[in-house]
Amino acid sequence: MGLLIEAEGLVYIYPDGHPALQGVSLRMERGEKVAVVGPNGAGKSTLLLVLSGLLRPTAGVLRVEGRQVGNKDGRRLRTQVGLVFQDPDDQLFSLTVFDDVAFGPIYQGLSEQEVRERVTQALDAVGMAWAASRISHHLSVGEKKRVAIATVLALRPEILLLDEPTAGLDPRGRRELIGLLRDLPQTMLVATHDMRLVAELLPRVIIMDQGRIVADGPTSEILRDERLLEAHGLEPPYPCPAAWNELPTREERRDEG
Ligand SMILES: Nc1ncnc2c1ncn2[C@@H]1O[C@H](COP(=O)(O)OP(=O)(O)O)[C@@H](O)[C@H]1O
Ligand SMILES: [Mg+2]
């Protein structure tokens with residue numbers, strides 16, 4: 001275990017003056033899997049961009065493995081922290097799947113053999129080894145998402161940040177992705193609207209609203225607090241209209257027929 005991420009009072013103001021993070025503090029232990037939920041515009045994506053080093057905080061302190069991240073540490077941070085964007089088309093820009101996954105390791109200056117090993121392992125981890133020579137933009141959305149995750153895994157980050165990983169997936173693609181995320185050992189922070197994903201996969205939830213953390217605790221407690229969820233535009237994972245309980249079960253229908 002051990003403390004992996006420690007953020008204190010993170011502020012991020014976009015160049016147009018919009019304050020997207022207004023003092024965010026959080027800690028994550030190694031191996032934790034945590035959800036970030038909240039309405040559109042809450043600051044979830046901005047938080048992931050700051051934690052990954054792609055945006056530099058306007059104020060506040062970020063420590064990764066006890067070391068404070070300074071202005072010149074963006075590159076180190078990007079190898080420790082891997083961000084999977086919401087839209088896989090933002091992550092895949094090479095011709096083939098192999099080239100997309102190899103891009104990061106090549107850029108890091110690794111040997112050809114090491115690059116090949118990393119690509120094979122990353123594609124195996126997401127069940128896409130069969131697609132290495134396929135053309136990335138011909139893949140389905142679910143397949144692209146998995147390759148996008150592989151591009152990040154190939155850099156062997158300790159922390160995975162995922163932005164809306166199940167958005168746009170059909171039920172089967174969604175199930176496959178949840179299974180895949182469950183099998184990955186990395187520490188994970190997942191921004192999502194998918195409350196079933198949260199309930200099934202992520203033992204801790206952070207609720208954000210208007211650039212602030214408004215709740216942080218065990219998923220089992222937070223998802224039960226319907227007033228808290230409603231106050232921040234969220235829904236419990238299994239809304240079950242009363243009318244559904246009135247419907248006869250399959251057995252009852254068969255007995256009647
Ligand atoms: N490039 C940008 N320039 C200015 N404001 C932005 C930019 N990107 C996002 N924002 C604003 O910052 C706030 C937080 O956005 P975001 O982090 O994308 O929220 P979320 O992911 O929770 O929907 C929103 O009000 C959004 O409009
Ligand atoms: Mg977002």
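Is helix α5 mostly covered or mostly uncovered, and how many of its 13 residues are buried? The close-up views below are taken from a predicted model.

View 1. Eleven of the 13 residues of α5 are buried, and the helix is mostly covered. The buried positions are E143, K144, K145, R146, V147, A148, I149, A150, T151, V152 and L153. From the first C-alpha of α5 to the last, the helix reaches 18 Å, close to the 18 Å expected at 1.5 Å a residue.

**View 2. Packing partners of α5.** The buried residues of the helix pack against two strands, β6 (81-84) and β7 (159-163). They also pack against the helices α3 (97-107), α4 (112-125) and α6 (171-183).

**View 3. The largest nonpolar core.** This core holds 70 residues, of which A35, V36, V84, V101, A150 and L161 touch the most other members. In soluble globular proteins, nonpolar side chains tend to be buried together.

**View 4. Contacts of V36.** Leaving aside residues up to four places away in sequence, V36 touches K44, L47, L189, V190, A191, I206 and M208. V36 is also one of the core residues that touch the most other members.

**View 5. The shell around ligand 1.** Ligand 1 is surrounded by Y14, D16, H18, A20, G38, N40, G41, A42, G43, K44, S45 and T46. By class, seven of the shell residues are polar, three nonpolar and two charged. Helix α1 (residues 44-51) supplies the largest share of the shell, three residues. K44, listed in this shell, is also among the residues that V36 touches.

Methods: Residues numbered from 1 in each chain as written. Chains lettered and ligands numbered in written order. Predicted model: local features only at pLDDT ≥ 70, side-chain atom pairs only at ≥ 80, totals over all residues. Near = placed C-beta within 6 Å. Helix = DSSP H or I, 4+ residues; strand = E, 2+ residues; numbered from the N terminus. Nonpolar A, V, L, I, M, F, W, Y, C, P; charged D, E, K, R; others polar. Core = buried A, V, L, I, M, F, W, Y, C linked by C-beta atoms within 7 Å. Buried ≥ 20, exposed ≤ 12 C-beta atoms within 10 Å, placed from the backbone. Contact = placed C-beta atoms within 7 Å. Expected span 1.5 Å × (residues − 1).
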